[in-house]
Amino acid sequence: MDYSYYVFGALIFLAVVLFITGLYHSWNNARGPESERVAHRLRVLSAGAHAGEQSTTMIKQRLLSETPALQKLLLEVPRVHALDRLLEQSGLKWSVAQWAMLVLLTFLVALVALSFINLPWLLRLLVAAACALLPLYYIERAKARRLLRIGMQLPDALDLMSRALRAGHAFPTALKMVGDEMTAPLAEEFRIAFDEVNFGIAMQDALMNLATRVPSTDMRYFVIAVLIQRDTGGNLAELLESISHIIRDRMKLLGQVRVLSAEARLSAWILSLLPFAAAAVIHLSNPTFLAVLYDDPGGQKMLACAAMLMLVGILIMRKIIHIRV
């Protein structure tokens, strides 16, 4: 067996991934949220507002790999910490090294499986590269499910904190009560925030870390409201109760929107999958009928154009049915 073909395919895949990562890194450095946040911090530091700010180096750092050599290698990869943050936000116990090995294994398995099908090598590489993105898609879905569970638990947690504050407890104690009384995944995040405060991290930094680990709109509302209240004063118990009511009303509206857009989402799925299902049925019933699309250069160009048009159509349909609340 000639292994140079598979080595060449793997190298092409790695080159494409590194090229896309480099483009995204360049854009993010120039216009991304990280650059805006760094610029804001530099403006604040230049004014001397954080001269007495506590160091947060005592926060536990996540390892990208258990192997020291691989850890040093991964630290040189651009945007690797953003990927590590995504893994942390998804709630999965994977490391970046485990994710990279899973991506490479998925690509090789898909490439070997496609070698038994009579397809052009370029199409095999493209399909294998698409299959290699499945672990990233799984992480994004896990993150979305986790944020949804946290969003459903947050109103009850805010009500619990409001009652604790009315009973005379301090705000850190209310954080601890949520970590002890609620269930995962929200309880884990509030417990981490309380531990950071208990270990000496400033409350502002602990809450900002909480908002970073849980990048949801409702959690940002909670963190910003608490930080503003700590500077301006006011009744924090009533504020948390108000935020709880707002989140519940927002979730109710979001549920109504999802019900009204269910038919459009089903139509989008049918329109997206119908060409592939029809092509699979035709290929199983008469394999030579569609062979001209794979073998003839003109047919390959038609397939490429059709794929691009379908991608544009899918993006447009997703834009239409995705309603922000």
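Start your tour by selecting Leu-23, which sits in helix H1, residues 4-31. Is Leu-23 buried or partly exposed? Its relative accessibility is 49%, so Leu-23 counts as partly exposed.

**Colour by confidence**

The mean for the protein is 80, and 82% of its residues reach 70 or more. Which elements have the lowest and the highest mean pLDDT? Helix H2, residues 33-46, has the lowest mean at 48, while H7 has the highest at 92. Select residues 40-59 next: here the pLDDT is below 50. Beyond near neighbours in sequence, this stretch has 17 contacts in the model. Where pLDDT is low, the predicted coordinates should not be read in detail.

**On to Ser-90**

Now pick Ser-90, which you will find in helix H4, residues 80-90. Ser-90 has a relative accessible area of 5%, so this residue is buried. What is Ser-90 in contact with, leaving aside its neighbours within four places in sequence? Show the side chains of Ile-139, Ala-142, Lys-143 and Arg-146, and you have the answer.

**Helix H9 and its cover**

Your next selection is helix H9, residues 186-198. Its 13 residues reach 18 Å from the first C-alpha to the last, close to the 18 Å expected at 1.5 Å a residue.

Then step just past H9 and click on Gly-200, which takes a positive phi of about 115 degrees.

**Last stop: Tyr-294**

Finish in helix H14, residues 291-295, where Tyr-294 has its place. Tyr-294 is buried because its relative accessible area, 18%, is under the 20% cut-off. Select Leu-123 as well and draw a distance between the two C-alpha atoms: they are separated by 9.0 Å. Along the chain, Tyr-294 and Leu-123 are 171 residues apart.

Terms used: Residues numbered from 1 in each chain as written. Heavy atoms only, no water. Helix = DSSP H or I, 4+ residues; strand = E, 2+ residues; numbered from the N terminus. Expected span 1.5 Å × (residues − 1). Buried < 20%, exposed > 50% of the residue type's maximum accessible area, 1.4 Å probe, protein only. Contact = heavy atoms within 4.5 Å. pLDDT = per-residue confidence, 0-100.
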